[in-house]
Amino acid sequence: MMKIIGKLLIIFLLITGFNYSQDITPETLKDQGVFMLSIGNNETLCVINTDYEKGAYWFVIKGAYGNREIGNNLCQLAEVHHLLLSPDRKYLAVLSVGEGHPVIEVIDMQKLRDKFEYTTLHVLDPYPGVMSIDRWEGTKLLIDSNVPLNLRKENGRVDPDLLLPETKKFSLDVLTGKVE
């Protein structure tokens, strides 16, 4: 709990403009497991990684008295590694990791922001392969993976015999759920 309080104190100091160290930047926070993402309406999404049992804590920060905890242990796996907001701010891509294994979820950003509900729209699991989030192109999330994500079975995973020798680019259309 003390780690969470310490990280929240750093975030508070950054938001209020009190800068006790030139070493605190969004990148140094990210290196410490703290993600800050502007989500519009003068609000910031803050995700703080803790331990595997408790998972990451999620907050929406809006001014001194508008802060709200959304919850903890919300994403598929324990540790958040990457967040990427879609250009229209309707979707959030979340890359979480558990014991080195990645999963990407696309969640409904409007429900997260307005109702404080973590609603998963799509999940990609490359086991036993790897993947990373590249960027958004409209409503398509571009992903790099060493498994053919377009050949997923009913259980959502790809046959391990299909591992690619190098990563390839795939896209997930969040409107249809189709991977190409």
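This is a predicted model: local features need pLDDT of at least 70, side-chain atom pairs count only at pLDDT 80 or more; totals for chains, interfaces and linings use all residues.
How many salt bridges does the structure hold? The count is 7. Several of them share partners, and in that way Asp-134, Arg-135, Glu-137, Asp-144 and Lys-169 are joined into one network. Let me walk you through some members of that network.

Take Asp-134 and Arg-135, whose side chains form a salt bridge at 2.5 Å, N to O. Are these two buried, exposed or in between? The cut-offs matter here: buried is under 20% relative accessible area and exposed is over 50%. Asp-134 comes out at 27%, so Asp-134 is partly exposed. Arg-135 has 37% relative accessibility, so Arg-135 is partly exposed as well.

Next is Asp-144, which is found in strand β10, residues 140–145. The side chains of Asp-144 and Lys-169 are joined by a polar contact of 2.7 Å. If we leave out residues up to four places away in sequence, Asp-144 touches Val-130, Met-131, Ser-132, Asp-134, Thr-167, Lys-168 and Lys-169. Notice that Asp-134 and Lys-169, two of those neighbours, are also in the salt-bridge network with Asp-144.

Now for the aromatic rings. The model has 2 aromatic pairs. One is Trp-58 with Tyr-118, an edge-to-face arrangement with 5.3 Å centre to centre and 75° between the planes. This pair links distant parts of the chain: Trp-58 is in strand β3 (residues 57–61), Tyr-118 is in the loop between α3 (109–115) and β8, and they are 60 residues apart. Trp-58 and Tyr-118 are both buried.

The other pair is Tyr-91 with Trp-136, and this one is stacked, with 6.3 Å between centres and 25° between planes. Here too distant parts of the chain are linked, because planes under 30 degrees apart aside, the residues themselves sit 45 apart: Tyr-91 in strand β6 (residues 91–98) and Trp-136 in strand β9 (residues 131–137). In what order do its strands run? The order is β5-β6-β7-β8, in an open sheet of 4 strands with antiparallel pairing. At the edges stand β5 (79–85) and β8 (120–124), each with a single partner strand, so one side of each has no neighbour in the sheet. On average, neighbouring strands of this sheet are turned by 20° against each other, with direction ignored.

To zoom in on one pairing, strand β7 (residues 101–108) and β8 pair in the antiparallel sense over 4 bridges. Within that pairing, Ile-107 has Thr-120 in β8 as its bridge partner.

Methods:
Residues are numbered from 1 along each chain as its sequence is written. Side-chain values use heavy atoms; hydrogens and water are left out. Helices (H or I, at least four residues) and strands (E, at least two) are DSSP runs, numbered from the N terminus. A polar contact is a pair of N or O atoms within 3.5 Å; within protein, one must be able to donate a hydrogen and the other to accept it, and residues adjacent in sequence count only if both atoms are side-chain atoms. Contact means heavy atoms within 4.5 Å. Two strands pair if DSSP finds at least two bridges between them. Axes are lines fitted to C-alpha atoms, for helices over the stretch in contact, and angles run from 0 to 180 degrees between N-to-C directions. Rings of Phe, Tyr and Trp (its six-membered ring) pair if their centres lie within 6.5 Å; planes under 30 degrees apart count as stacked, over 60 as edge-to-face and the rest as tilted. Buried means under 20% relative accessible area, exposed over 50%, partly exposed in between (1.4 Å probe, protein chains only). A salt bridge is a side-chain nitrogen of Lys or Arg within 4 Å of a carboxyl oxygen of Asp or Glu.
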